[in-house]
Amino acid sequence: RRAPHLRVMKRSSTVTDVNEVVCAVCNGNEQGKRKSARSKSVASASALLVEGGHVGEAPLHVCQVHENDFAKVVIVCEPDLPKMMGALHPLGSLYERPVNLDVSKKQHTEFRNLLRSHGCRVLTVREILKFGTERSVSARLELEDMAAKSLSYDVSPECEDRLSKKDLYYIGEEYKKQVLEEMSSDQLVDILLTNPTVHITPSYRDTGFRATYQFSPLSNLVFTRDQQITTCKGVVMGKLRSPQRANEVQLTKFCFKKLGLKVVGAIEEPGFLEGGDFFAAGWDLCFIGIGLRSNLEACRQCMENDWFGAKRVAVVKDDYERSQDRMHLDCVFSILGDDCALMLEDMMGENSPTRRLVDEYVKVSEGQGTPGFGDYKLERESIEFSQYLADNGYQVLPIPGKDQLAYGCNCLNMGDSNIIAVHKETARKISRFEHFHGNVEYLPYDQITSMYGAVHCSSQVVHREQ
């Protein structure tokens, strides 16, 4: 990796409001035209990526070695029908507060445009699922088969006993296949995202049936960070804690398969792993948080199978708090550069009642590892997190608790310390931090954060380049 002190040029830290970028495009000036043209080329590159997992002639290597490497391919999921359903009862859908769906769509569009302005290929879940279905019969059939698993017809046993043989056809698999075959690709995607159950009773008039509907929408799929982690080895499919999110992993795994991206493994129970707990920090080190969502068993599986790939694994333990407001490591911590990070101030120090403690596992010779952890051996235990970062050469910017609650810590590093932040005061603090030598762009995102996540949560970077 490049060493910070070997950089040829030290750039000044600045804060850019994303509205300036959007206005530039709208006003049609030269800078805006260039960005608009770049967005069109991104769409074309996205299609090439989906087609067999290739960009141009070279196969895409799914890899994230360091959070400060340049983000090149990002998967997102725009707010859509499932989010509207989730907004009907925010707390029951794991949301923090009520949501304005129209505003959330606009803010997410601005987020995608900002990613593209950094040269990223931005793929949406809907785009991936639909790709090729208008031209390829096999792609269309795959989508129909997935939809068939997500759509259920239900009739009570006492009603079923009263149905004629002819009527039984209309609650069976053959009729469901006929229904799905006539649907558009967007309808099929909506089925995958909402998991409908049709409850059927005989009406003995009109068309002979009456239907009521029940849905299990993937109302948190907008947070594409969590279903998996991307390491220097590839994609590891996670295991989500909340029942509301149980079906998300299979859907994103289908997307990775369709993209031709390498999935190196999957967490099995009793392991739980959510992507918001993982940070890649080079070939030498990665961070994985455990506590409210991810657990040590998932870390053990990753180390036993060498899915992390790093020489050292820092397991950051949330033993003393386990709050929904700080459910993942990326709620309280972020990597701003090769030697720069931010962290929730309240949890810093040995005397903090909510301190995080680090257990460090180091890759050793074959057969010398801690039993069950493959070739990784537990070398250091319960080191206070900010001290551990200092020991590893990081300068840490403390973020006040009130700013953390406004998602100040949940920012996205696009590479080489180009940061997207959703909290204006935190954006200014980062830019003024003497050890930060990059650029910060501020993005209004309050209608996405109302769902309990920000820009790091709502992006899955599957490919970074050094």
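Analyst: Strands count as paired if DSSP finds at least two bridges between them; strands (E, at least two residues) and helices (H or I, at least four) are DSSP runs numbered from the N terminus. This is a predicted model, where local features need pLDDT of at least 70 and side-chain atom pairs pLDDT 80 or more, while totals for chains, interfaces and linings use all residues. Residues are numbered from 1 along each chain, and side-chain values use heavy atoms, without hydrogens or water.

User: What's the strand order in the open sheet of three strands?

Analyst: E5-E4-E23, with mixed pairing. E5 (121-124) and E23 (460-465) each have a single partner strand, so one side of each lacks a neighbour in the sheet.

User: How many bridges pair E4 with E23?

Analyst: Five, and E4 (residues 70-76) runs antiparallel to E23 there. Ala 71 sits opposite Arg 464 in E23.

User: Switching to charges: how many salt bridges turn up?

Analyst: The whole structure has 27, counting a side-chain nitrogen of Lys or Arg within 4 Å of a carboxyl oxygen of Asp or Glu. Arg 126 and Asp 190 form one, with the closest N and O atoms 2.6 Å apart. That pair links helix H5 (residues 125-130) to helix H10 (residues 185-194), 64 residues apart.

User: Is Arg 126 buried or exposed?

Analyst: Buried, at 12% relative accessibility (buried is under 20%, exposed over 50%, partly exposed in between, 1.4 Å probe, protein chains only). Asp 190 is partly exposed at 23%.

User: And which residue does Asp 403 bridge to?

Analyst: Lys 402, at 3.1 Å between the closest N and O atoms. Asp 403 is buried at 2%, whereas Lys 402 is exposed at 61%.
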